[in-house]
Amino acid sequence: MANDPPVTVDVMQHVRPGKEWEFEVLLEKIIGTASTFTGYLGSSVFRPNEQEPSEYRVIFKFDRLENLKHWENSAARQKYLTQAKELTVDEGTFSIITGLETWFTLPGKPGMKPPARYKMVLVSGLAIFAINQVLALLPGAWLGLLPPLMQLLILILITTTLMTYVVMPRLTKLLAGWLYPNH
């Protein structure tokens, strides 16, 4: 559905000193329970590091916003949130990310508000244009042997892969001052 997109939830929590083990146990229960909900696509946990010794970042992915809402409104999640309050410094931050925002995540600065939409459109549009210009320069004789629809599919897959794993992480870092002027 166009108005019920896939979603990524970015959760940041600061754990109280000495409560890390209890938080890890709770986190395991939370992820285990979330994984039983319809539409759950997976999660990732980024544990504390030297720069942020108490900060946990947890990413949840759901296939549709509606399915995420079922998880968020569930009695099980509410129970876990109540338990987490005893183990964390504050309520943490929760961000729901859809669409282009996922391309604009700065390493080491998760949970930041995404840049203005016009900036995301401009940067991603220019990046796609540049990738397609480079692809047009490559010898494409092998591609010409395929039906036009298959050619387009292959070019889209190459472009999307390059955007997601190569171009956008570097561009976001390079243009961070313009994309995130207040940070």
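Alanine 84 is found in helix 3 of a predicted model, where helices (H or I, at least four residues) and strands (E, at least two) are DSSP runs numbered from the N terminus. At 10% relative accessibility, alanine 84 counts as buried, the term being applied under 20% relative accessible area, with exposed meaning over 50% and partly exposed the range in between (1.4 Å probe, protein chains only).

Because the model is predicted, local features need pLDDT of at least 70 and side-chain atom pairs count only at pLDDT 80 or more, whereas totals for chains, interfaces and linings use all residues. Residues are numbered from 1 along each chain as its sequence is written, and side-chain values use heavy atoms, with hydrogens and water left out.

The protein chain comprises seven helices and four strands, which follow one another from the N terminus in the order β-α-β-β-α-α-β-α-α-α-α. Of its 183 residues, 33% are buried. Where contact means heavy atoms within 4.5 Å, 70% of the contacts between residues at least 6 apart in sequence join residues at least 24 apart.

Valine 58, in strand 3 (residues 55-62), counts as buried because its relative accessibility is 4%. When its neighbours within four places in sequence are left aside, valine 58 is in contact with Val9, Asp10, Val11, Leu27, Ser44 and Val45; its C-alpha lies 6.1 Å from that of aspartate 10, at a sequence separation of 48 residues. Threonine 33, in helix 1 (residues 20-34), is likewise counted as buried, at 17% relative accessibility, and under the same exclusion of neighbours within four places it is in contact with Trp71, Ala76 and Tyr80.

A search of the whole structure finds one cavity of 30 Å³ or more, a cavity being a set of points on a 1 Å grid over the protein atoms alone where a 1.4 Å probe fits but cannot get out, and its lining residues those with an atom within 4 Å of a point. About 220 Å³ of space lies in the largest cavity, grid points being joined across faces, edges and corners and the volume being the space filled by probe spheres set on the points. Of the 16 residues that line this cavity, Val11, Ile30, Phe60, Leu81 and Phe94 are the closest to its centre. Two or more lining residues are given by each of strand 1 (7-14), helix 1, strand 3, helix 2 (65-72) and helix 3 (75-85), and the largest share, four residues, comes from helix 3.

The structure holds three aromatic pairs, for which rings of Phe, Tyr and Trp (its six-membered ring) must have centres within 6.5 Å, planes under 30 degrees apart counting as stacked, over 60 as edge-to-face and the rest as tilted. One of them is edge-to-face, because the rings of tyrosine 40 and phenylalanine 62 have centres 5.7 Å apart and planes at 80°. This pair links distant parts of the chain, with tyrosine 40 in strand 2 (residues 40-46) and phenylalanine 62 in strand 3, 22 residues apart; both residues are buried. A charge sits over a ring if NZ of Lys or CZ of Arg is within 6 Å of the ring centre and within 35 degrees of the ring normal. Arginine 57 lies over the face of phenylalanine 46, at 5.3 Å from the ring centre, and lysine 119 lies over that of tryptophan 178, at 5.0 Å.

Methods. 1 Å grid on protein atoms, 1.4 Å probe; cavity = no way out; pocket = protein on both sides within 12 Å on 5 of 7 lines; lining within 4 Å.
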